[in-house]
Amino acid sequence: MRLDKYIAQTTDLSRALVKLALRNKRVLVNGEPVKDASLHLAPSDSVQLDGERLSPVGPRYFMLHKPLGYICATVDNDHPTVLELLDEPNQKILHIAGRLDIDTTGLVLITDDGQWNHRVTSPRHDCEKTYYVTLANDLVADAEAKLQAGILLKNETQLTKPATLERLCRNEVRLTISEGKYHQVKRMFAALGNRVVELHRERIGAITLDDALAVGHYRPLTEAEIQSIQ
Ligand code: URA
């Protein structure tokens, strides 16, 4: 890997500050000052910045209990982002594995492992997501069959993949889907003539939102939770 990329990935420095550190001879490779940002590092090379040895962080995996009003984006001018709830080094390489709308609460997974992220979000991997849904109106009698058969959402050409509905009470249901189209759950119930008034994600694959995790808090995933995403 290039020296400047390695420093950017192992510190909180932006690319511009990495350049400056190199120019000011604050970077040593195997004990020697190096200014060449494009230098290719061998796995055995040791890199120091201001006398501190840099070592790769990650891969890292977290679950977060998303509050209302937070946006699942890296930056936003108008709203706080879920990444602002983290206190981790080198946050710029962390990404959200499956976004939630600003008014949806619940389980969000965050990682710097791109392949793992892909396995959570790609429809080809059939990773189930379960939502607790509060509806505005009574649900049509044949909702289960329609959701299982697939629904043609507005502005889409393909039916949704089979989804499972569990009725909890008159206007509360649990819905399990295995894809993540834009506003998918809200659009599925809209297609059934209903409206989602509250939406909360409880589960992704075998990873369930930890009851002990207060709203706005996060924790690292356990090894079993990480391995459960295949
Ligand atoms: N479906 C939605 O409509 N919104 C979400 O936030 C997640 C799934």
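**Notes on the predicted model**

1. The C-alpha centres of domain 1 and domain 3 lie 50 Å apart. The chain is divided into domain 1 (3–53), domain 2 (57–125 + 210–230) and domain 3 (128–204); these bounds come from an automatic or database domain assignment.

2. As to the basis of these remarks, this is a predicted model, in which local features need pLDDT of at least 70 and side-chain atom pairs count only at pLDDT 80 or more, while totals for chains, interfaces and linings use all residues. Residues are numbered from 1 along each chain as its sequence is written, and side-chain values use heavy atoms, with hydrogens and water left out.

3. The C-alpha trace of the chain spans about 75 × 35 × 30 Å along its principal axes. The radius of gyration of the chain is 22 Å, whereas a compact globule of 230 residues would have one near 17 Å. That radius is taken over C-alpha atoms, and the globule rule is 2.2 Å times the number of residues to the power 0.38.

4. The secondary structure comes to six helices and 13 strands. Helices (H or I, at least four residues) and strands (E, at least two) are DSSP runs, numbered from the N terminus.

5. Four strands form an open antiparallel sheet in the order 2-1-3-4; two strands pair if DSSP finds at least two bridges between them. Strand 2 (32–33) and strand 4 (52–53) stand at the edges, each with a single partner strand, so one side of each is left without a neighbour in the sheet. Strand 3 (residues 47–49) is joined to strand 4 by two bridges, and glutamine 48 stands opposite arginine 53 in strand 4.

6. A search of the whole structure finds zero disulfides. Cysteine 72 is buried, with a relative accessible area of 5%, and cysteine 127 is buried at 8%. Buried means under 20% relative accessible area, exposed over 50%, partly exposed in between (1.4 Å probe, protein chains only).

7. Threonine 130, in strand 8 (residues 129–135), is buried, with a relative accessible area of 5%. Not counting residues up to four places away in sequence, threonine 130 touches several residues, including Arg174, Thr176 and His200; contact means heavy atoms within 4.5 Å.

Technical notes
A disulfide is a pair of cysteine sulfur atoms within 2.5 Å.
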